[in-house]
Amino acid sequence: MDAVRCYTLDFFPENILIDILSYLSVRELVRNSRVCRRWKQLVKDQRLWRAVDLSTWKRVTSRVLWALLRQYLGHGLRLLRLRGLLLSARAGVFLSESWLRALGSKCPRLRRLVLIHTDLRGLPSCRLLPLSLQALELHFCEVPAGFFCEGDGVETLVLDSVPSFSDQHLRSLSAWRGLTRLELRDLIRVTVAGLKSCVPPGAHTLARLTHLELETGSRTQMVALGLGEGWPGLERLSLGGKEVGPGLLSLGRLQDLRSLRLRTCRLTQMMVLRSCRCLTRLRQLEFIEVEFVEDEVRSDETDRPPASDDDPAPSLRRALRSMLPACATHFSRCTRAVNKD
(Lines give C-alpha, C1' and ligand atoms only; values in the text may rest on other atoms or scores of the structure.)
Protein backbone atom coordinates (compact mmCIF):
# COMPACT_ATOMS: atom_id res chain seq x y z
CA MET A 1 0.00 0.00 0.00
CA ASP A 2 2.89 2.36 0.70
CA ALA A 3 4.10 1.81 -2.85
CA VAL A 4 0.65 2.61 -4.23
CA ARG A 5 0.29 5.80 -2.19
CA CYS A 6 3.44 7.30 -3.63
CA TYR A 7 1.98 7.35 -7.16
CA THR A 8 0.43 10.60 -8.43
CA LEU A 9 -1.20 11.73 -11.66
CA ASP A 10 2.26 12.22 -13.12
CA PHE A 11 2.54 8.45 -13.45
CA PHE A 12 -0.60 8.18 -15.63
CA PRO A 13 -0.13 7.92 -19.41
CA GLU A 14 -1.04 10.98 -21.42
CA ASN A 15 -3.90 9.26 -23.25
CA ILE A 16 -5.60 8.31 -19.97
CA LEU A 17 -5.29 11.84 -18.61
CA ILE A 18 -6.77 13.27 -21.80
CA ASP A 19 -9.68 10.83 -21.55
CA ILE A 20 -10.31 12.03 -17.99
CA LEU A 21 -10.11 15.69 -18.99
CA SER A 22 -12.59 15.09 -21.84
CA TYR A 23 -15.41 14.84 -19.27
CA LEU A 24 -14.84 18.45 -18.14
CA SER A 25 -16.56 21.52 -19.51
CA VAL A 26 -14.68 24.29 -21.29
CA ARG A 27 -14.65 26.45 -18.20
CA GLU A 28 -13.28 23.60 -16.06
CA LEU A 29 -10.61 22.85 -18.67
CA VAL A 30 -9.40 26.44 -18.57
CA ARG A 31 -9.21 26.33 -14.78
CA ASN A 32 -7.26 23.06 -14.79
CA SER A 33 -4.75 24.48 -17.25
CA ARG A 34 -3.51 26.75 -14.44
CA VAL A 35 -2.49 23.86 -12.17
CA CYS A 36 0.96 23.27 -13.66
CA ARG A 37 2.84 23.32 -16.93
CA ARG A 38 2.09 19.71 -17.76
CA TRP A 39 -1.62 20.18 -17.23
CA LYS A 40 -1.54 23.30 -19.37
CA GLN A 41 0.09 21.31 -22.13
CA LEU A 42 -2.47 18.52 -21.77
CA VAL A 43 -5.43 20.92 -21.87
CA LYS A 44 -4.14 22.39 -25.13
CA ASP A 45 -4.31 18.97 -26.79
CA GLN A 46 -6.65 19.33 -29.78
CA ARG A 47 -8.43 16.09 -28.94
CA LEU A 48 -10.15 18.02 -26.14
CA TRP A 49 -11.32 20.79 -28.48
CA ARG A 50 -13.13 18.89 -31.22
CA ALA A 51 -16.62 19.80 -29.97
CA VAL A 52 -16.76 23.03 -27.95
CA ASP A 53 -20.02 24.00 -26.25
CA LEU A 54 -20.03 27.53 -24.80
CA SER A 55 -23.82 27.85 -24.64
CA THR A 56 -23.90 27.01 -20.93
CA TRP A 57 -21.17 29.54 -20.05
CA LYS A 58 -23.19 32.58 -19.00
CA ARG A 59 -20.43 35.20 -19.06
CA VAL A 60 -18.87 34.61 -22.45
CA THR A 61 -17.84 37.91 -24.00
CA SER A 62 -15.75 38.86 -27.02
CA ARG A 63 -12.73 39.05 -24.73
CA VAL A 64 -13.26 35.44 -23.62
CA LEU A 65 -13.68 34.33 -27.25
CA TRP A 66 -10.38 35.92 -28.22
CA ALA A 67 -8.60 34.27 -25.28
CA LEU A 68 -9.97 30.83 -26.19
CA LEU A 69 -9.08 31.26 -29.86
CA ARG A 70 -5.51 32.35 -29.14
CA GLN A 71 -4.70 29.71 -26.53
CA TYR A 72 -6.86 26.61 -27.14
CA LEU A 73 -8.92 26.47 -30.33
CA GLY A 74 -7.11 25.12 -33.35
CA HIS A 75 -7.08 22.61 -36.20
CA GLY A 76 -8.94 19.99 -34.12
CA LEU A 77 -12.16 22.01 -33.80
CA ARG A 78 -15.13 20.44 -35.61
CA LEU A 79 -18.18 21.78 -33.73
CA LEU A 80 -18.64 25.16 -32.03
CA ARG A 81 -21.74 26.15 -30.08
CA LEU A 82 -22.09 29.77 -28.87
CA ARG A 83 -24.70 31.74 -26.94
CA GLY A 84 -24.76 35.46 -27.71
CA LEU A 85 -25.79 38.56 -25.79
CA LEU A 86 -29.14 39.20 -27.50
CA LEU A 87 -31.12 38.67 -24.29
CA SER A 88 -28.40 39.90 -21.96
CA ALA A 89 -28.29 43.26 -20.20
CA ARG A 90 -24.60 43.48 -21.13
CA ALA A 91 -24.86 44.92 -24.63
CA GLY A 92 -21.90 45.00 -26.97
CA VAL A 93 -20.27 43.35 -29.96
CA PHE A 94 -20.15 39.57 -29.56
CA LEU A 95 -18.98 38.21 -32.91
CA SER A 96 -16.72 40.69 -34.68
CA GLU A 97 -15.48 40.50 -38.24
CA SER A 98 -11.86 40.16 -37.11
CA TRP A 99 -12.69 37.27 -34.75
CA LEU A 100 -14.59 35.38 -37.45
CA ARG A 101 -11.70 35.77 -39.88
CA ALA A 102 -9.27 34.53 -37.24
CA LEU A 103 -11.58 31.60 -36.50
CA GLY A 104 -11.62 30.54 -40.14
CA SER A 105 -7.83 30.87 -40.36
CA LYS A 106 -6.93 29.03 -37.16
CA CYS A 107 -9.68 26.38 -37.30
CA PRO A 108 -9.69 25.17 -40.92
CA ARG A 109 -11.60 21.98 -40.05
CA LEU A 110 -14.62 23.58 -38.40
CA ARG A 111 -17.67 21.87 -39.86
CA ARG A 112 -20.64 22.92 -37.71
CA LEU A 113 -21.45 26.29 -36.11
CA VAL A 114 -24.43 26.69 -33.76
CA LEU A 115 -25.44 30.21 -32.66
CA ILE A 116 -28.05 30.85 -29.97
CA HIS A 117 -29.44 34.28 -29.01
CA THR A 118 -26.86 36.00 -31.18
CA ASP A 119 -27.27 39.39 -32.84
CA LEU A 120 -25.72 39.16 -36.32
CA ARG A 121 -27.01 42.51 -37.58
CA GLY A 122 -23.54 44.01 -37.18
CA LEU A 123 -22.15 41.68 -39.85
CA PRO A 124 -22.59 42.55 -43.54
CA SER A 125 -23.10 38.96 -44.73
CA CYS A 126 -22.35 35.33 -44.02
CA ARG A 127 -19.22 35.52 -46.18
CA LEU A 128 -17.30 36.23 -42.98
CA LEU A 129 -18.11 32.78 -41.62
CA PRO A 130 -15.41 30.10 -41.99
CA LEU A 131 -15.31 28.65 -45.48
CA SER A 132 -14.99 25.14 -44.07
CA LEU A 133 -18.54 25.22 -42.60
CA GLN A 134 -20.89 22.49 -43.77
CA ALA A 135 -23.72 23.13 -41.28
CA LEU A 136 -25.01 26.40 -39.81
CA GLU A 137 -27.67 26.59 -37.09
CA LEU A 138 -29.31 29.82 -35.95
CA HIS A 139 -31.59 29.63 -32.90
CA PHE A 140 -33.39 32.78 -31.70
CA CYS A 141 -30.98 35.02 -33.62
CA GLU A 142 -31.31 38.30 -35.53
CA VAL A 143 -29.92 38.64 -39.05
CA PRO A 144 -29.52 41.66 -41.40
CA ALA A 145 -31.25 41.98 -44.76
CA GLY A 146 -28.43 40.73 -46.97
CA PHE A 147 -26.91 38.17 -44.64
CA PHE A 148 -27.60 35.07 -46.77
CA CYS A 149 -26.17 36.42 -50.00
CA GLU A 150 -23.68 33.58 -50.46
CA GLY A 151 -22.81 30.29 -48.76
CA ASP A 152 -21.41 27.81 -51.24
CA GLY A 153 -19.94 25.37 -48.74
CA VAL A 154 -22.91 25.08 -46.39
CA GLU A 155 -24.94 21.91 -46.92
CA THR A 156 -27.27 22.13 -43.89
CA LEU A 157 -29.05 25.26 -42.66
CA VAL A 158 -31.24 25.29 -39.54
CA LEU A 159 -33.35 28.39 -38.79
CA ASP A 160 -35.22 28.21 -35.51
CA SER A 161 -37.31 31.17 -34.31
CA VAL A 162 -35.41 33.85 -36.24
CA PRO A 163 -37.86 36.81 -36.17
CA SER A 164 -36.14 38.85 -38.88
CA PHE A 165 -35.96 35.99 -41.40
CA SER A 166 -38.31 36.86 -44.27
CA ASP A 167 -39.16 35.87 -47.83
CA GLN A 168 -36.21 37.94 -49.07
CA HIS A 169 -33.81 35.82 -47.03
CA LEU A 170 -35.49 32.64 -48.25
CA ARG A 171 -35.10 33.64 -51.90
CA SER A 172 -31.44 34.51 -51.40
CA LEU A 173 -30.78 30.90 -50.35
CA SER A 174 -31.09 29.94 -54.01
CA ALA A 175 -27.50 31.21 -54.40
CA TRP A 176 -26.27 28.53 -51.96
CA ARG A 177 -25.21 25.96 -54.51
CA GLY A 178 -24.31 23.30 -51.93
CA LEU A 179 -27.46 23.54 -49.79
CA THR A 180 -29.20 20.16 -49.59
CA ARG A 181 -30.92 20.29 -46.18
CA LEU A 182 -33.09 23.13 -44.88
CA GLU A 183 -34.93 23.22 -41.54
CA LEU A 184 -37.45 26.03 -40.92
CA ARG A 185 -39.04 26.31 -37.48
CA ASP A 186 -41.43 29.01 -36.31
CA LEU A 187 -40.53 31.70 -38.85
CA ILE A 188 -43.34 34.22 -38.59
CA ARG A 189 -42.32 36.40 -41.57
CA VAL A 190 -42.19 33.62 -44.15
CA THR A 191 -45.31 33.74 -46.32
CA VAL A 192 -46.98 31.45 -48.84
CA ALA A 193 -45.48 33.46 -51.71
CA GLY A 194 -42.00 33.02 -50.28
CA LEU A 195 -42.33 29.26 -49.99
CA LYS A 196 -43.90 28.97 -53.42
CA SER A 197 -41.04 30.90 -55.03
CA CYS A 198 -38.52 28.32 -53.75
CA VAL A 199 -40.20 25.32 -55.36
CA PRO A 200 -38.39 24.24 -58.56
CA PRO A 201 -38.32 24.63 -61.47
CA GLY A 202 -37.26 28.26 -61.77
CA ALA A 203 -34.30 30.62 -61.77
CA HIS A 204 -34.26 31.40 -58.03
CA THR A 205 -35.39 28.12 -56.46
CA LEU A 206 -33.89 25.53 -54.12
CA ALA A 207 -33.40 23.00 -56.87
CA ARG A 208 -30.67 21.01 -55.07
CA LEU A 209 -32.65 20.58 -51.86
CA THR A 210 -33.20 16.94 -50.86
CA HIS A 211 -34.24 17.34 -47.19
CA LEU A 212 -36.84 19.83 -45.96
CA GLU A 213 -38.12 20.24 -42.42
CA LEU A 214 -41.00 22.58 -41.69
CA GLU A 215 -42.27 22.98 -38.15
CA THR A 216 -44.77 25.77 -37.66
CA GLY A 217 -48.16 26.63 -36.26
CA SER A 218 -49.10 28.59 -39.38
CA ARG A 219 -51.75 26.96 -41.54
CA THR A 220 -50.84 29.09 -44.58
CA GLN A 221 -47.22 27.90 -44.57
CA MET A 222 -48.35 24.29 -44.59
CA VAL A 223 -50.81 25.00 -47.41
CA ALA A 224 -47.92 26.42 -49.46
CA LEU A 225 -46.40 22.95 -49.75
CA GLY A 226 -49.32 21.92 -51.94
CA LEU A 227 -48.82 24.70 -54.49
CA GLY A 228 -47.25 24.01 -57.87
CA GLU A 229 -46.48 20.60 -59.27
CA GLY A 230 -44.60 19.20 -56.30
CA TRP A 231 -40.94 19.43 -55.38
CA PRO A 232 -38.70 17.45 -57.78
CA GLY A 233 -35.73 15.85 -56.05
CA LEU A 234 -37.07 16.18 -52.51
CA GLU A 235 -36.37 12.85 -50.80
CA ARG A 236 -36.79 13.58 -47.08
CA LEU A 237 -39.58 15.63 -45.51
CA SER A 238 -40.32 16.42 -41.86
CA LEU A 239 -43.51 18.22 -40.79
CA GLY A 240 -44.40 19.34 -37.30
CA GLY A 241 -46.67 21.69 -35.44
CA LYS A 242 -50.37 22.17 -34.90
CA GLU A 243 -51.28 22.63 -38.58
CA VAL A 244 -49.76 19.54 -40.20
CA GLY A 245 -53.01 18.58 -41.92
CA PRO A 246 -52.77 20.98 -44.89
CA GLY A 247 -49.17 19.93 -45.46
CA LEU A 248 -50.20 16.29 -45.70
CA LEU A 249 -52.46 17.12 -48.62
CA SER A 250 -49.39 17.91 -50.74
CA LEU A 251 -47.64 14.60 -50.20
CA GLY A 252 -49.16 13.07 -53.32
CA ARG A 253 -47.23 15.63 -55.41
CA LEU A 254 -43.85 14.60 -53.95
CA GLN A 255 -43.12 11.64 -56.19
CA ASP A 256 -39.44 11.36 -55.15
CA LEU A 257 -40.15 11.25 -51.41
CA ARG A 258 -38.43 8.35 -49.62
CA SER A 259 -38.55 9.41 -45.95
CA LEU A 260 -41.37 11.15 -44.06
CA ARG A 261 -41.35 12.29 -40.44
CA LEU A 262 -44.41 13.67 -38.62
CA ARG A 263 -43.97 15.11 -35.14
CA THR A 264 -45.81 17.01 -32.37
CA CYS A 265 -49.20 17.02 -34.09
CA ARG A 266 -52.71 15.48 -33.99
CA LEU A 267 -53.59 13.00 -36.72
CA THR A 268 -56.29 10.55 -37.63
CA GLN A 269 -55.83 7.20 -39.33
CA MET A 270 -57.82 8.28 -42.39
CA MET A 271 -55.71 11.43 -42.78
CA VAL A 272 -52.47 9.44 -42.82
CA LEU A 273 -53.72 6.76 -45.22
CA ARG A 274 -55.08 9.27 -47.73
CA SER A 275 -51.79 11.19 -47.71
CA CYS A 276 -49.47 8.20 -48.11
CA ARG A 277 -51.33 6.08 -50.64
CA CYS A 278 -49.56 7.72 -53.61
CA LEU A 279 -46.05 7.55 -52.09
CA THR A 280 -44.91 4.36 -53.77
CA ARG A 281 -41.21 5.16 -53.22
CA LEU A 282 -41.56 5.80 -49.50
CA ARG A 283 -39.15 3.65 -47.46
CA GLN A 284 -39.31 5.20 -43.99
CA LEU A 285 -42.24 6.69 -42.06
CA GLU A 286 -41.76 8.08 -38.54
CA PHE A 287 -44.29 9.36 -36.00
CA ILE A 288 -42.72 11.30 -33.11
CA GLU A 289 -44.86 12.63 -30.25
CA VAL A 290 -47.99 12.33 -32.37
CA GLU A 291 -51.45 12.15 -30.82
CA PHE A 292 -53.67 9.80 -32.80
CA VAL A 293 -57.35 10.71 -32.59
CA GLU A 294 -59.82 7.89 -33.09
CA ASP A 295 -63.57 7.55 -32.74
CA GLU A 296 -65.06 5.94 -29.68
CA VAL A 297 -65.17 2.16 -30.02
CA ARG A 298 -68.68 0.75 -30.04
CA SER A 299 -69.59 -2.49 -28.33
CA ASP A 300 -70.24 -4.26 -31.64
CA GLU A 301 -66.72 -3.45 -32.98
CA THR A 302 -64.77 -6.46 -31.79
CA ASP A 303 -62.39 -6.90 -34.73
CA ARG A 304 -60.39 -3.75 -33.95
CA PRO A 305 -56.96 -4.65 -32.42
CA PRO A 306 -56.37 -3.22 -28.94
CA ALA A 307 -54.06 -0.22 -28.60
CA SER A 308 -51.28 0.07 -26.04
CA ASP A 309 -48.53 2.50 -25.05
CA ASP A 310 -45.99 0.60 -27.14
CA ASP A 311 -48.29 0.49 -30.16
CA PRO A 312 -50.81 3.38 -29.97
CA ALA A 313 -52.20 2.80 -33.49
CA PRO A 314 -52.16 -0.93 -34.32
CA SER A 315 -54.82 -0.67 -37.01
CA LEU A 316 -52.86 2.12 -38.73
CA ARG A 317 -49.70 0.04 -38.62
CA ARG A 318 -51.49 -2.90 -40.28
CA ALA A 319 -53.02 -0.68 -42.96
CA LEU A 320 -49.69 0.95 -43.79
CA ARG A 321 -47.98 -2.43 -43.95
CA SER A 322 -50.56 -3.59 -46.47
CA MET A 323 -50.51 -0.39 -48.52
CA LEU A 324 -46.71 0.23 -48.43
CA PRO A 325 -45.04 -3.16 -47.89
CA ALA A 326 -41.51 -1.79 -48.55
CA CYS A 327 -41.86 1.05 -46.01
CA ALA A 328 -40.62 0.77 -42.41
CA THR A 329 -42.91 2.47 -39.86
CA HIS A 330 -41.71 3.72 -36.48
CA PHE A 331 -43.67 5.20 -33.53
CA SER A 332 -41.86 7.15 -30.81
CA ARG A 333 -43.53 8.67 -27.71
CA CYS A 334 -46.93 8.66 -29.40
CA THR A 335 -50.29 8.75 -27.61
CA ARG A 336 -53.92 8.22 -28.52
CA ALA A 337 -57.10 10.14 -27.80
CA VAL A 338 -60.73 9.16 -28.20
CA ASN A 339 -63.13 11.46 -30.01
CA LYS A 340 -66.49 11.16 -28.31
CA ASP A 341 -68.34 13.69 -30.49
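Rings of Phe, Tyr and Trp (its six-membered ring) pair if their centres lie within 6.5 Å; planes under 30 degrees apart count as stacked, over 60 as edge-to-face and the rest as tilted. The model is predicted: local features need pLDDT of at least 70, side-chain atom pairs count only at pLDDT 80 or more, and totals for chains, interfaces and linings use all residues. Residues are numbered from 1 along each chain as its sequence is written, and side-chain values use heavy atoms, with hydrogens and water left out.

**Exercise 1. Aromatic pairs**

Task: Find which residues the ring pairs link into a cluster, and state how many aromatic pairs there are. Then work through the pairs W49–Y72 and F287–F331.

Solution: 

Step 1. The cluster consists of F147, F148, F165 and W176, linked by ring pairs.

Step 2. The ring rule gives 7 aromatic pairs. W49 and Y72 form a stacked pair, with 5.1 Å from centre to centre and 25 degrees between the planes.

Step 3. Helices (H or I, at least four residues) and strands (E, at least two) are DSSP runs, numbered from the N terminus. W49 sits in the loop between α4 (37–43) and β1 (51–53), and Y72 in the loop between α5 (62–71) and β2 (79–83), so the pair ties together parts 23 residues apart in sequence.

Step 4. Check burial. Buried means under 20% relative accessible area, exposed over 50%, and partly exposed in between (1.4 Å probe, protein chains only). W49 has 0% relative accessibility and counts as buried. Y72 is buried too, at 5%.

Step 5. Turn to F287 and F331. This aromatic pair is stacked, at 5.0 Å centre to centre and 15 degrees between the planes. F287 belongs to strand β11 (residues 284–288) and F331 to strand β13 (residues 328–332), so the pair ties together parts 44 residues apart in sequence. F287 and F331 are both buried.

**Exercise 2. Salt bridges**

Task: State how many salt bridges there are. Then trace which residues the shared partners of R181 and E183 join into one network.

Solution: 

Step 1. Apply the rule. A salt bridge is a side-chain nitrogen of Lys or Arg within 4 Å of a carboxyl oxygen of Asp or Glu. Side chains of opposite charge can pair when their charged atoms come close. The count is 13 salt bridges.

Step 2. Take a bridge inside a helix. E97 and R101 meet at 3.5 Å, N to O. Both lie in helix α6 (residues 97–106), 4 residues apart, about one turn of the helix. E97 is partly exposed, with a relative accessible area of 30%.

Step 3. Take R181 next. Its salt bridge with E183 has the closest N and O atoms 2.8 Å apart. R181 is partly exposed at 28% relative accessibility, whereas E183 is buried at 5%.

Step 4. Follow E183 onward. The side chains of E183 and R185 form a salt bridge at 2.3 Å, N to O. Bridges with shared partners join R181, E183, R185 and E213 into one network.

**Exercise 3. Surface patches**

Task: Identify which residues make the patch of positive charge and which make the nonpolar patch.

Solution: 

Step 1. Set the rule. Patches are made of residues with over 30% relative accessible area and no salt bridge; like charges are joined within 9 Å, and nonpolar side chains (Val, Leu, Ile, Met, Phe, Trp, Tyr) within 5 Å. Accessible areas come from the Shrake-Rupley method with a 1.4 Å probe; for residues, only the protein chains shown count as cover.

Step 2. Read charges. Lys and Arg count as positive and Asp and Glu as negative; His and the chain ends are not counted. The place of a charge is NZ of Lys, CZ of Arg, CG of Asp or CD of Glu.

Step 3. The positive surface patch gathers R27, R31, R34 and R59. R59 is in the loop between β1 and α5. R59 is exposed, at 63% relative accessible area.

Step 4. F12, I16 and I20 make a nonpolar surface patch of about 250 Å². I16 belongs to helix α2 (residues 14–21). I16 is partly exposed, at 39%.

**Exercise 4. Positive phi**

Task: Locate D186 and T264, and give the phi of each.

Solution: 

Step 1. D186 lies in the loop between β6 (181–185) and α8 (192–198). Its phi is near 55 degrees, a positive value in a residue other than glycine. D186 is partly exposed, at 41%.

Step 2. T264 is in the loop between β9 (259–263) and β10 (266–268). Phi of T264 is near 45 degrees, a positive value in a residue other than glycine. T264 is partly exposed, at 30%.
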